[in-house]
Amino acid sequence: MSLVSIVFGRNFISAVSDGRGSSDNKIIDENVKKIRKINSRTLIAFTGAFAIIERNGRQHYLYEDIIELAVVCFKKNRVKKAMKLFDTYIKEHWPIDDFGSFQVVIVSLVENDNCDTLWLTTNNNPKEKSYIHKIKSDKPLGHVILTHQADDKAKGISATFIENLEKSILPDLSNVVEVSQNEQVKLNHQVSIYDDSVNDNVYKIVLQRN
């Protein structure tokens, strides 16, 4: 079970992930960067199958192509259109039956008068519809937790994380980024104790609105 947690508000995005990549219950890499910046306002995170594909006669991980696709989509399009194009492409070109299951989240601090934060949670199952979400005015924070597998224990730890996060941050948001990352790192450590597919090699990214 890969683990990625993302916490975001109108003016920031905090992402934390472990670094272990596995396939067919075999560890293939301990230093996978599952969270990446697309641009100064947008990040992408992924979990799931670490398929190896060939391009120009060289083998590499599929997730590198996923990141490259996101960069291209956001370079040429506004946020919503970029998300829609990305979602359509991965379902058509990297379907689950051929490449295994993977999940992707893209979060963006939109440049508009409302200071909107949009996020897309999607996967490569052509039968599943994906949606673009926006933080509502009465919700100062949003979050996404990505795991490749889910069981009762994982759901329980995730629920505890959300509860602890809200207690630590609300109603005072003055130190929201630091507190968020502390809780995210603690979550990663808790899961790594009982799940061998998650390691304690933590990667962190913070994006903030200028």
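The structure is a predicted model, in which local features need pLDDT of at least 70 and side-chain atom pairs count only at pLDDT 80 or more, while totals for chains, interfaces and linings use all residues. Residues are numbered from 1 along each chain as its sequence is written, and side-chain values use heavy atoms, with hydrogens and water left out.

Some terms come first. Helices (H or I, at least four residues) and strands (E, at least two) are DSSP runs numbered from the N terminus. Two strands pair if DSSP finds at least two bridges between them.

Strand β1 (residues 3–8) is joined to strand β2 (residues 12–17) by five bridges, and Ser 5 has Val 16 as its bridge partner in β2. Six bridges link β1 and β12, again in the antiparallel sense; here Ile 6 has Val 144 as its partner in β12.

In a regular strand, side chains alternate between the two faces of the sheet. Buried means under 20% relative accessible area, exposed over 50%, and partly exposed in between (1.4 Å probe, protein chains only). Contact here means heavy atoms within 4.5 Å.

The other open sheet described here has five strands in the order β5-β6-β9-β10-β11, and its pairing is antiparallel. At its edges are β5 (35–39) and β11 (131–134), each of which pairs on one side only. Its neighbouring strands are turned by 20° against each other on average, direction ignored. Seven bridges connect β9 (residues 102–109) with β10 (residues 117–123), and Leu 109 stands opposite Thr 117 in β10. Two helices accompany this sheet. Helix α1 lies across β5, β6 (42–48) and β9, at about 25° to β5, while α2 touches β6, β9, β10 and β11 and makes about 5° with the direction of β10.

Two packed helices are described by the angle between their axes and the distance between the axes. For α1 (residues 62–76) and α2 (residues 79–93), the axes come within 8 Å and cross at roughly 145°. Among the residues making the contact are Ile 66 and Cys 73 of α1, and Leu 85 and Phe 86 of α2. The contact residues divide into twelve nonpolar, no polar and no charged; Ala, Val, Leu, Ile, Met, Phe, Trp, Tyr, Cys and Pro count as nonpolar, Asp, Glu, Lys and Arg as charged, and the others, Gly among them, as polar.

Finally, some single residues deserve attention. Cys 73 counts as buried because its relative accessibility is 7%, whereas Cys 115, at 27%, is partly exposed. Asp 87, in helix α2, is buried because its relative accessible area is 12%. Not counting residues up to four places away in sequence, Asp 87 touches Leu 120, Thr 122, Asn 123 and Ser 130.

Methods
Axes fitted to C-alpha atoms, helices over the stretch in contact; angles between N-to-C directions.
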